[in-house]
Amino acid sequence: MGIFNRKTEDDKKAKAPQASKVVNEKKEAKSMKDLYEEKTVVAAGKEGKAGEEKAQRKYGQAYRVLIKPLVTEKAANLGTHNKYVFAVSLKTNKIEIAKAIEEVYGIKPISVNIINSEGKTVRSGRTLGKRKDWKKAIVALPEGKTIKIYEGV
């Protein structure tokens, strides 16, 4: 058995150049990051002047502050008064919420009201539990400005 499993040095030398070719091919292939950077430069070159990159809109902490828009009947009625309702992070304040709305939607709100909601105690059989505490923000926008939240609902 040992005789058939042994490889001679000739076999090893014959396979060595093939292995190095595979390694060379892998080095020539570009990483995904390089490919992505090339596409962004090409896209920027089409829209703007030569050598000028497209200004990208970056969202800092806005999507950590605004969790989701609340789509309820009561919130839809507030929409007629140009007020919108969002579920927000428990740790945020009115100033951070106003900055996040301006950053995401490009509209500076007139006022921001906050409601802290305590999670209800719930019961399933004999087991007692508690829902999460959460915070709701009602954002008033200036007249004539709207946010498209309720589309497709």
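Lys135 is placed in strand 6; strands (E, at least two residues) and helices (H or I, at least four) are DSSP runs, numbered from the N terminus. This is a predicted model, in which local features need pLDDT of at least 70, side-chain atom pairs count only at pLDDT 80 or more, and totals for chains, interfaces and linings use all residues. Residues are numbered from 1 along each chain as its sequence is written, and side-chain values use heavy atoms, with hydrogens and water left out.

Me: How many residues of strand 6 are buried?

Reply: Buried means under 20% relative accessible area, exposed over 50%, and partly exposed in between (1.4 Å probe, protein chains only). Strand 6 covers residues 134-140 and is mostly covered. The number of buried residues among its 7 is 5.

Me: Which residue of strand 6 is the bridge partner of Asn116?

Reply: Two strands pair if DSSP finds at least two bridges between them. For Asn116, the partner in strand 6 is Lys135.

Me: How far from Lys135 is the nearest side chain of opposite charge?

Reply: Lys and Arg count as positive, Asp and Glu as negative, while His and the chain ends are not counted. A salt bridge needs a side-chain nitrogen of Lys or Arg within 4 Å of a carboxyl oxygen of Asp or Glu. Lys135 is buried yet has no salt bridge. The nearest side chain of opposite charge belongs to Glu96, at 7.6 Å.

Me: Which backbone oxygen does the side chain of Lys135 reach?

Reply: Contact means heavy atoms within 4.5 Å. Not counting residues up to four places away in sequence, Lys135 touches several residues, including Phe86, Ile114 and Thr92. At 2.8 Å, its side chain reaches the backbone oxygen of Thr92.

Me: What is the angle between the planes of Phe86 and Tyr105?

Reply: A search of the whole structure finds 1 aromatic pair. Rings of Phe, Tyr and Trp (its six-membered ring) pair if their centres lie within 6.5 Å; planes under 30 degrees apart count as stacked, over 60 as edge-to-face and the rest as tilted. Phe86 and Tyr105 form a tilted pair, 6.1 Å centre to centre, with an angle of 45°.

Me: Why does this pair tie together parts that are apart in sequence?

Reply: At 1% relative accessibility Phe86 counts as buried, whereas Tyr105, at 31%, counts as partly exposed. Phe86 lies in strand 2 and Tyr105 in helix 6 (residues 94-105), so the pair joins parts whose separation in sequence is 19 residues.

Definitions and conventions:
A polar contact is a pair of N or O atoms within 3.5 Å; within protein, one must be able to donate a hydrogen and the other to accept it, and residues adjacent in sequence count only if both atoms are side-chain atoms.
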